[in-house]
Amino acid sequence: MLSTRQLRYFDALARHRHFGRAAEECAVTQPALSMQIREMEEALGVRLVERGRSGVRLTPVGEEAASRARGVLAALADMERTIRDRGRLLEGRMRLGVIPSIAPYLLPRLLPEMAGRWPGVEIALRESQTEQLVNDLAHGDLDLVILSLPVEHAALETLALFEDPFLLAVPESSADFSGETAAAEDILAADLLLLEDGHCFRDQALNVCRKVDARQLRRFGASSLSTLAQLVANGQGVTLLPQMFVASEGGSIPRVRLLRFPHPAPSRTIGLVWRRTLPFRDDVAQVAAMVRACRPAVQDGEDRRSALL
């Protein structure tokens with residue numbers, strides 16, 4: 001029978017594709033980790049790993065085993081968490097992941113409200129791009145993730161929280177956009193500023209600007225929405241910004257004109273994601289209500305507080 005130690009070692013190797021780095025993560029020697037992998041292969045009667053000078057590769061059955069190992073380890077982590085915290089997510093430590101195009105604009109409102117409502121909860125935050133957060137969540141390293149939907153993963157469940165409309169940001173003195181509304185077909189690849197590869201908001205912006213030839217885009221990619229806004233303010237181009245960002249800036253940005261798209265306006269869906277094996281359904285629902293109430297688009301403090309009741 002396979003041991004949880006073998007599953008942990010194999011999972012680390014599958015993620016790092018390197019015996020040395022996997023052994024370092026597991027705090028064991030490389031020969032000890034290699035021996036456990038070999039014993040696992042012998043127990044299963046198959047080769048899971050191809051060892052070569054170029055590095056480590058998983059065999060097709062090894063890829064299948066890695067996926068199942070992640071699920072088993074995540075389920076074990078959830079079982080341990082459930083027993084330790086007596087069936088509550090909103091007690092003890094909550095590991096929360098948020099993508100960079102949401103975190104700076106939601107967390108300043110959300111965290112104080114959570115601390116006031118659940119003073120016994122310690123929030124452990126991780127800000128990263130969608131792919132990394134989804135992997136961490138599926139692996140059991142996070143409890144909840146706030147990101148932009150959709151997310152397709154067999155081990156995860158999602159809940160849509162609210163829509164975050166897009167606005168077109170143009171330089172205040174721009175003569176190319178003289179009206180009060182934006183048209184996606186008027187956006188040129190040479191003018192469009194985007195986040196760097198890996199950010200889901202980049203892909204969403206390109207989806208709005210479908211007529212833009214991606215081959216003609218600038219090679220520059222910003223790492224934050226604030227950088228994009230400042231570039232537009234200094235006449236370097238145009239960009240799409242989510243209303244969440246604009247609301248956090250007080251509804252306006254110096255030297256930038258914000259244009260709305262005609263109905264139906266393009267938007268992104270902000271959602272909450274968790275593992276299917278996570279048993280804290282009532283707590284997830286409470287967190288979801290809190291996030292909805294704290295979104296930056298809500299300007300009136302009384303409305304925000306009443307939404308929490």
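I began with T130. T130 counts as buried because its relative accessibility is 17%, and buried means under 20% relative accessible area, with over 50% exposed and partly exposed in between (1.4 Å probe, protein chains only). T130 sits in helix α6 (residues 130-139). I listed its contacts (heavy atoms within 4.5 Å). Apart from neighbours within four places in sequence, T130 touches I99, L147 and C200.

The model is predicted: local features need pLDDT of at least 70, side-chain atom pairs count only at pLDDT 80 or more, and totals for chains, interfaces and linings use all residues. Numbering runs from 1 along each chain as its sequence is written, and side-chain values use heavy atoms, without hydrogens or water.

Next I checked the nonpolar cores (buried Ala, Val, Leu, Ile, Met, Phe, Trp, Tyr and Cys joined through side-chain atoms within 4.5 Å). The largest has 77 residues, and L110, L144, I146, L168, L240 and L272 touch the most other members. Strand β6 (residues 156-171) gives the largest share of this core, eight residues. A second, separate core has 21 residues, including C26, M40, V56 and L73.

I then looked at L144. Not counting residues up to four places away in sequence, its contacts include L89, M94, L272, W274 and V287.

Last, I took the strands (DSSP E runs of at least two residues, numbered from the N terminus). β1 (residues 49-52) and β2 (residues 55-58) pair antiparallel over four bridges; pairing needs at least two DSSP bridges. E50 stands opposite R57 in β2. Two residues separate β1 and β2 in this hairpin.
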